[in-house]
Amino acid sequence: MTSPLYSVIVTLVQVVLAATGGPLLIGLMAKVKARAEGRVGAPIVQPLRDLRKLMRKERLHARHSSVMLPLAPMVIFAATTVAVGISPLVSTRPLLGSSADIFVIVYLLLTGSVAAALGGLDAGTAFGGMGSSRAMTIGALAEPALLVAVIALSIQSSSSNLTTIVSATLAHPDWVFGPSRLLALGALGIVVIAETGRIPVDNPATHLELTMVHEAMILEYAGPELALYHLGEAMRVSLLFSLVATLFFPWGVATGHSVLALVVGVGALVVKTALVALAVALIEVRSAKLRLFRLPELLAGGFVLSVLAVVTGLVTR
Amino acid sequence: MNTTYVAVLELAAGAVLVSAVMTLWRRNVRSIISMLSLQGIALATAAIVLGWHEHDVALFVTGGLVLVVKGLVVPGVLRRVARLDPRSRESRPLVNVPASLVIAALLIVLSYVVTSRITSLAPSDATRLVPIGVATVLVGYFMLVTRRRAVSKIVGLILVDNGIALVTFLLTSGVPLIVELGSSLDVLLVVVVLQFLMVSMVHHSDTEQLTEMKALHD
Amino acid sequence: MIFARRSRVPSPFRLLFSRAVTEPREERPPQVAGVHLHGSLQLRHVDVGSCNGCEVEIASALAPHYDAGQYGIGLVASPRHADGLLVTGVITHNMDGPLRQTLAALAQPTVIVACGDCAVDGGIFRAAPGVSGILQDVVIPDVVIRGCPPHPDDIVRALRRVSGR
Amino acid sequence: MGLLGLAAGFCAVAAMAAAFLARRARVVVSSSLGALGCLLAGASALVTLITGTTSTFYTSHLLPGAGLSLTLDPLGAIFILATSLVGVAACVYCVSYAHGPMASRAAMTLFMVFVLTLLVVPAASNVVSFMFVWELMALSSLLLILTDQSRNDDSRSAALWYGVMTQLGAASILLGLLLASRGSASTFSAISAHAAQLSPNVRSFAFVLVLLGFSSKAGAVPLHVWLPKAHPAAPSPVSALMSGSMVAMGVYGIIRVGQGLLHGGTVWWWVAVVTLGVVSAFYGALHSTTSTDLKRLLAYSTIDIQGLVLIGVGAAGVLGDSGQPFIAHLAMMAALMLVVAHAGFKGALFLSAGAVERATGTRDLDRLGGLIHTMPVTAFVVAISACSIMAVPTLSGFSSEWLLLQGLLHGFNDSSTPAMIVMLLGVISLALTGGLTAVAFVKAFGIGFLGQPRSTGAAQAIEVPPTMKIAMLWLVLPSVVLGLVPGEFVGLVNRAASSALGKTSLEPLDHGTGLVLAQLRGAVQPAELFMGVVGVLLLVSAANRLLEQRRARRVDAWGGGRDVQTARMQYTATSFAEPLQRVFADVLRPDTDVEVTHIAESRYYEQSLMYDNRVNDVLEQRGYRPVINLVLRAGRLAQRLQNGSIHRYLAFGFVALLVILVVLA
């Protein structure tokens with residue numbers, strides 16, 4: 001198969017996987033939590049059903065809202081889609097793979113968070129502002145850990161290009177269990193939990209406005225816009241989970257041009273990402289939500305782990 | 001073969017430092033002690049791997065000793081002490097947790113900067129890891145200074161000792177004298193712990209916080 | 001009927017592979033109020049003046065034993081996210097405005113569920129002081145769940161009829 | 001050089017026009033002449049950057065002593081380019097903005113002089129001309145701060161702080177330069193040629209003096225105290241120029257003297273520069289998140305960005321010293337690119353702040369809101385510039401921060417100890433400030449422009465006149481161009497960086513439209529990323545059209561079922577930043593007072609509740625105040641000595657004479 005066509009296919013496969021797999025991951029985590037609580041729980045496909053229903057509902061805009069309200073979910077969705085499209089998740093040859101810089105991904109995710117926060121402020125309600133303020137605070141505290149952890153990974157392969165990092169890790173399997181990698185994994189784990197709004201940072205199932213972080217920002221959204229918002233967030237979850245899976249366990253990522261490798265890559269990605277989701281769900285089951293002002297402790301811990309990752313990376317180089 | 005040795009050694013040294021940082025992070029005394037136990041095991045692993053690689057029986061034996069003393073006995077004793085006290089949290093450290101974590105990060109950077117110059121004199125797989133040991137010492141010392149509870153202070157002291165032990169293992173692998181010194185330090189430590197235990201028994205009722213002991217003294 | 005086992009520490013393996021034990025599937029129920037929900041029903045619960053008996057039963061309906069969640073039924077925080085209202089109690093003076101606000105905040109199409117005798121016809125509180133009316137005075141409910149309080153089974157059954165699963 | 005001379009001529013004519021024309025014509029004529037001058041200066045800078053040539057101009061007439069000597073090289077050109085970008089906008093903006101005190105003869109003249117000096121400073125090439133232009137720049141901006149007499153106390157105190165800091169800084173720079181020139185060599189090229197003969201200690205001392213002066217101008221913490229006072233006090237076009245261009249002159253000075261005149265010196269110089277940068281970046285970012293005055297927020301953000309620039313400059317110095325020329329070059333490029341990018345977005349933001357103030361009568365974010373409906377163009381400018389400063393991909397902030405991150409990342413390849421410290425500190429502070437900057441600017445845009453208006457002024461805002469819109473939109477251009485096609489611009493920065501680091505040959509750097517570092521296996525193609533994002537957005541809106549519901553129904557906002565909802569229930573800027581203020585309370589040390597008045601009948605009901613929250617500059621409070629108090633006390637002591645009696649003065653003279661005699665004996 002020719003190279004450009006192959007890249008297009010890889011990108012499409014990744015985007016479709018994230019768009020369908022993201023909601024399924026959310027459903028999987030809800031299912032695991034339900035079973036742990038002794039409930040049967042909603043089926044794993046429930047988030048997809050919810051999306052289908054929301055698509056057909058009415059659009060509502062708050063009276064004082066501006067163009068930001070419908071724009072925010074679009075930006076989240078678009079930024080995440082591009083990030084998914086260029087990351088080497090299934091194969092090391094997606095479209096624009098040379099631009100799949102790890103900082104680009106980090107800042108695309110930041111763009112999504114910023115859009116979400118602005119969307120929360122747009123209607124001019126108390127709860128929306130509260131959610132935005134809290135989400136931005138958590139984001140600002142998680143950002144250092146994320147960026148430094150990412151730099152720890154880049155130092156090891158002396159490139160910040162994701163494709164290079166993945167290929168280098170495939171070539172040096174001993175890196176995976178090196179202390180630097182494990183520390184960076186710990187830091188990224190904390191960041192991923194914070195960025196995807198799971199317990200102990202945020203409770204996605206809360207009904208009480210005063211305890212909300214992410215949910216408070218979307219109180220104003222309804223119908224198709226809410227659907228797009230949920231889809232974008234689900235893709236964000238799947239991107240973060242699969243990035244963690246791919247960066248730390250790169251096996252299965254297709255490197256060549258063959259279709260078979262692509263199929264294997266898809267299978268490996270699904271399994272790895274599902275395992276990450278399972279781990280996160282189990283953490284959620286086992287822990288209680290932290291008070292907002294205890295979060296700095298958790299995130300500072302992530303930051304220290306990431307600094308440790310950089311330093312041990314330098315020491316053991 | 002060699003790469004496995006290096007990987008295990010790095011991992012063990014990394015675990016020593018991470019568990020040191022984790023003791024700053026966690027508030028629950030029981031989980032702090034678990035971290036200490038983990039650190040003892042990691043330290044022992046480092047010693048055993050080094051001893052095995054250098055064909056140094058003394059180091060190998062010391063590793064076993066460390067495993068028993070620091071991995072099992074000392075945490076066990078501490079756990080028993082901690083059980084005497086119903087309040088199982090380090091509630092108000094002198095420096096709050098996020099700040100101490102950031103300071104720990106700076107200490108780690110500092111130790112790397114300070115020691116990298118020394119270690120570059122005789123670079124080998126083992127000496128490269130010396131900064132990690134120094135960082136553990138600094139973190140332990142920091143904990144000793146900033147934590148109020150007696151148990152946490154003892155943990156800080158043990159962290160310092162573990163860090164020193166790691167440095168000596170890494171730098172002087174093969175010198176029995178130093179190794180013996182290290183193990184005797186451990187014995188000393190157990191004595192300190194026992195002594196602490198007695199103190200704690202005496203002031204059993206409500207006076208385990210050292211600041212409060214000072215108030216008693218006045 | 002066997003219920004999902006409560007286990008303190010869940011084993012990931014068991015979580016993934018144990019089969020959900022559900023009631024035998026009933027005949028596919030008719031659609032209500034023209035809403036095609038395809039097994040997804042989110043409701044905003046509004047307590048307009050209930051004695052909290054219905055709330056206890058709704059909580060049970062969502063709790064592990066009856067587990068309405070497995071049919072895609074859930075409560076949400078914002079009426080914007082909801083497909084309808086789940087109203088309990090008689091309308092008191094203070095809750096009249098908030099009820100209308102909540103109704104206005106719903107995205108169409110909607111389904112209004114009156115849960116408990118009070119919401120349906122005022123029940124024993126109908127003539128009580130401080131009561132300004134019953135749900136029917138504001139909006140005609142699409143689904144009615146009788147009982148004082150209604151049994152969780154009844155609640156789940158009624159809601160499943162709406163959600164279509 | 002000829003073009004630059006022409007540009008300077010235009011500005012001088014503009015200043016004269018401002019001084020002599022009648023009020024109506026004055027503003028329009030001088031502003032347009034000034035804008036033309038800036039355009040010409042920009043063209044001359046571009047020509048220099050494209051050809052890489054250096055040209056000089058000398059006359060002994062204009063200045064006494066050594067005469068006026070100007071040299072235009074690529075390093076200076078990039079700063080002139082940044083200035084001209086902001087200058088054009090500021091001049092055009094002035095056409096409609098200038099009214100009242102700003103339209104006065106003095107203010108317009110000073111403004112044109114200020115623009116002129118800003119254009120000439122990077123070209124001045126002997127000590128006398130440099131110090132002359134530098135002082136003229138400081139003086140004109142100082143007087144411009146005093147134009148707006150409506151905020152009398154504020155602007156006077158700001159001017160005092162600014163005057164003292166800038167004069168001490170200038171004195172320090174002058175001493176440093178004299179030391180470097182050994183009193184004899186006057187032109188920069190002569191100093192540079194003889195620098196090797198200076199003893200290392202003298203060189204270091206000279207650099208420290210110069211660094212003190214320039215870093216105060218660059219707003220580096222702890223010498224930044226004047227900046228958050230002066231920027232808000234000045235009229236908006238002036239603060240745009242001060243922040244976008246004048247502050248960068250501090251960085252220019254550090255590069256010119258440290259790299260150009262003293263040839264890089266020793267490592268610890270640059271470690272010091274990086275340390276200043278790290279502290280500034282963090283401190284500035286933190287304060288910008290808690291500021292509620294829009295201009296003060298922007299001022300602190302300027303400190304933050306200048307900190308990042310200094311990190312780049314310092315990293316370049318350290319790496320250059322330890323034999324990593326390519327990475328050093330990269331770091332310097334990142335710093336220079338950030339300077340130009342900053343001129344664009346911060347200029348735009350300051351001009352927008354002026355527009356907001358003009359339209360609503362306030363800069364207090366707690367009293368703004370909903371401006372996106374009434375001032376769409378301003379909102380657009382703020383949105384794009386804020387996104388750029390937050391480093392949203394495909395905008396200029398991202399391109400430059402990406403280069404900086406690459407420089408720091410690959411700087412780790414160097415295993416020397418100072419390099420390690422610098423890279424670690426740089427990376428950590430970039431990481432810490434990134435999130436804080438995002439909070440600050442989400443707050444600025446989200447609270448200021450979205451939601452509902454929080455005051456009548458905000459509710460009655462009307463969009464500013466077209467010339468102001470054009471000026472603001474012009475400054476959006478750099479953000480977009482440097483963001484989308486940085487590759488087109490990288491060549492110019494590349495040349496400037498070579499000239500900064502004193503190299504004749506260019507480092508090989510592949511560039512198309514994107515940023516490609518083939519050697520370092522790093523690349524970004526912002527244009528393609530942007531096309532991807534736009535493509536997805538188009539797909540989504542196309543999909544939206546397929547849905548049954550196309551148009552949205554307008555309903556009341558959902559406030560939890562509450563009957564009465566007012567704009568006062570929204571989160572304000574203060575409440576938005578409150579969580580972070582609490583987290584960083586140890587650094588910020590906020591003053592918070594809560595005053596509760598109970599009603600007479602019962603203690604359980606409150607009649608009123610006053611919440612007062614101030615975040616003062618800790619360094620000013622704890623660092624400067626004690627010194628000032630000490631000086632004041634000394635002054636009072638001296639006052640006691642001087643009671644106006646001629647006898648006592650004569651007695652002083654006599655005692656002094658005696659003391660001198662005793663000392664000599």
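Which strand of chain D do three bridges join to β1(A)?

## A strand pair across two chains

The partner is strand β5 (residues 553-555) of chain D. The two strands run parallel. One bridge can be named residue by residue: A:H61 has D:R554 in β5(D) as its partner. Strands of a sheet pair through backbone hydrogen bonds, either parallel or antiparallel.

Keep in mind that this is a predicted model.

## Where chains A and D meet

Five pairs of chains are in contact, and among these pairs chains A and D share the most contacts. On chain A, 72 residues take part. They meet 72 residues of chain D.

Which elements of chain A give two or more residues to this side? They are β1 (60-62), α3 (68-86), α4 (102-122), α5 (126-157), α9 (223-248) and α11 (295-315) of chain A. Helix α5(A) gives the largest share, 19 residues. By class, the side of chain A that touches chain D holds 40 nonpolar residues, 22 polar ones and ten charged ones.

## The sheet of chain C

Now turn to chain C. Here five strands form an open sheet. Their order is β2-β1-β3-β5-β7, and the pairing is parallel. Strands β2 (73-75) and β7 (143-145) of chain C are the edges. Each edge strand pairs on one side only. On average, neighbouring strands of the sheet are turned by 25° against each other, direction ignored.

Strand β1 (residues 41-49) of chain C pairs with β2(C) in the parallel sense, over three bridges. In one of these strands, β2(C), residue C:G74 is the bridge partner of C:Q42.

## A helix on the sheet

Which helix of chain C packs on this sheet? Helix α6 (residues 152-163) of chain C does. It touches β1, β2, β5 (111-115) and β7 of chain C. The direction of α6(C) makes about 170° with that of β7(C).

Chain B and chain C do not touch. Their nearest C-alpha atoms are 19 Å apart.

How confident is the prediction for chain B? The mean pLDDT of chain B is 76. In this chain, 74% of the residues reach 70 or more. Where in chain B is confidence lowest, and where is it highest? The lowest is in helix α8 (residues 210-217) of chain B, at a mean of 51. The highest is in helix α2 (residues 29-54) of chain B, at 88.

Conventions:
Residues are numbered from 1 along each chain as its sequence is written. Chains are lettered from A and ligands numbered from 1 in the order in which they are written. This is a predicted model: local features need pLDDT of at least 70, side-chain atom pairs count only at pLDDT 80 or more; totals for chains, interfaces and linings use all residues. pLDDT is the predictor's confidence in each residue, from 0 to 100. Helices (H or I, at least four residues) and strands (E, at least two) are DSSP runs, numbered from the N terminus. Two strands pair if DSSP finds at least two bridges between them. Axes are lines fitted to C-alpha atoms, for helices over the stretch in contact, and angles run from 0 to 180 degrees between N-to-C directions. Two residues are in contact if their C-beta atoms, placed from the backbone, lie within 7 Å. Ala, Val, Leu, Ile, Met, Phe, Trp, Tyr, Cys and Pro count as nonpolar, Asp, Glu, Lys and Arg as charged, and the others, Gly among them, as polar.
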